[in-house]
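Colleague: I would like to learn how to read the features of a model like this one. Please take them in turn, with the general idea before the case.

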Amino acid sequence: MGHMRKPQQHKAVVSILLLVASLSLTSCMRTYQRCYEHAFATDGVYCAPDAVYRSAGKKYAKGQRTQLRNVRYRSWENFYEWYYHKGWEMQPISGTEGDIVYHELKADSEGRLQFADNTEWISAPDGRLTPLQDKMLRQNVYISDETAERHLTWRGLYALPASAVCFAVEAPLNVASVTLFLLSNIIGAMF
């Protein structure tokens, strides 16, 4: 009778260990992609999320022309973030700031403020600017044409080779992570 429990206990221990390993690795490393994105810049306008003003009865976003880079707040990405494209955002590159500009805003169907269509960035709106404390922008980056405005910078000299090296290291870890994730789901479904 004692021998019958041994295989079941062994199976349970293996399942638990596989589940723990899966949970610790249920992500994909993205250091290679972070390095790759570091090599590029995009021309655009960056606005602080709360930089909303009123002038002559209209609402405006205050922004600054700058170069932007697609950045991520950490080097790994869980499968939820991968599926919903979360975690990446355009941030200004320090030292590339240019003119202060304003863009008219409109409210979307949910009342969130976004850049108005068929309006341009202007150097200053007519009338006195009054900050609106309780308003937030739906999006705080404006890029007219992301593919046309994106260009390789001098950082590509080190960022692209670093990206290739990181990819060579991270690719096997990412394959193992996905495999363990799928195995844990299959084993979890069996119990």
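Modeller: Start with how far along the chain the contacts reach. In this protein, among contacts between residues at least 6 apart in sequence, 73% join residues at least 24 apart. Keep in mind that the model is predicted.

Colleague: What helices and strands are there in the protein?

Modeller: The protein has five helices and ten strands. As for burial, 32% of the 191 residues are buried.

Colleague: How should I read a nonpolar core, and which residues form the largest one here?

Modeller: The general idea is that nonpolar side chains tend to be buried together in soluble globular proteins. Here the largest nonpolar core consists of eleven residues: Val45, Cys47, Val52, Ala61, Val101, Leu105, Leu113, Phe115, Trp121, Leu132 and Leu137. At least two residues of this core come from each of strand 2 (40-55), strand 6 (100-107) and strand 7 (113-115). The most is given by strand 2, with three residues.

Colleague: Which residues does Val45 touch, setting aside those up to four places away in sequence?

Modeller: Val45 touches Gly63, Gln64, Arg65, Leu68, Val101, Trp121, Asn140, Val141 and Tyr142.

Colleague: Asn140 came up among the contacts of Val45. Where does Asn140 lie?

Modeller: Asn140 is in the loop between strand 8 (130-131) and strand 9 (141-142). With residues up to four places away in sequence left out, Asn140 touches Val45, Tyr46, Cys47, Ala48 and Pro49. With one of them, Tyr46, there is a polar contact from side chain to side chain, at 3.5 Å.

Colleague: Next, salt bridges. How many are there?

Modeller: For each pair, read the N to O distance, then the exposure of both partners. The count comes to six salt bridges. One of them joins the side chains of Lys58 and Glu104, at 3.9 Å from N to O. This pair links distant parts of the chain, with Lys58 in strand 3 (residues 58-72) and Glu104 in strand 6, 46 residues apart. Lys58 is partly exposed, at a relative accessible area of 38%, and Glu104 also counts as partly exposed, at 22% relative accessibility.

Colleague: Which side chain meets that of Asp108 in a salt bridge?

Modeller: The side chain of Arg112 does, with 3.3 Å between N and O. Asp108 counts as buried, at 16% relative accessibility, whereas Arg112 is partly exposed, with a relative accessible area of 38%. Arg112 also forms a salt bridge with Glu110, where the closest N and O atoms are 3.1 Å apart. Glu110 counts as exposed, at 60% relative accessibility. Through shared partners, salt bridges join Asp108, Glu110, Arg112 and Arg138 into one network.

Colleague: Now the surface. Which residues make the nonpolar patch?

Modeller: The patch is made by Val165, Val169 and Leu173 and covers about 280 Å². Val165 belongs to helix 5 (residues 156-190). Val165 is exposed because its relative accessible area is 53%, and exposed means over 50%.

Definitions and conventions
Residues are numbered from 1 along each chain as its sequence is written. This is a predicted model: local features need pLDDT of at least 70, side-chain atom pairs count only at pLDDT 80 or more; totals for chains, interfaces and linings use all residues. Side-chain values use heavy atoms; hydrogens and water are left out. Helices (H or I, at least four residues) and strands (E, at least two) are DSSP runs, numbered from the N terminus. A polar contact is a pair of N or O atoms within 3.5 Å; within protein, one must be able to donate a hydrogen and the other to accept it, and residues adjacent in sequence count only if both atoms are side-chain atoms. Contact means heavy atoms within 4.5 Å. A nonpolar core is a set of buried Ala, Val, Leu, Ile, Met, Phe, Trp, Tyr and Cys residues joined through side-chain atoms within 4.5 Å. Buried means under 20% relative accessible area, exposed over 50%, partly exposed in between (1.4 Å probe, protein chains only). Patches are made of residues with over 30% relative accessible area and no salt bridge: like charges are joined within 9 Å, nonpolar side chains (Val, Leu, Ile, Met, Phe, Trp, Tyr) within 5 Å. Accessible areas come from the Shrake-Rupley method with a 1.4 Å probe; for residues, only the protein chains shown count as cover. A salt bridge is a side-chain nitrogen of Lys or Arg within 4 Å of a carboxyl oxygen of Asp or Glu.
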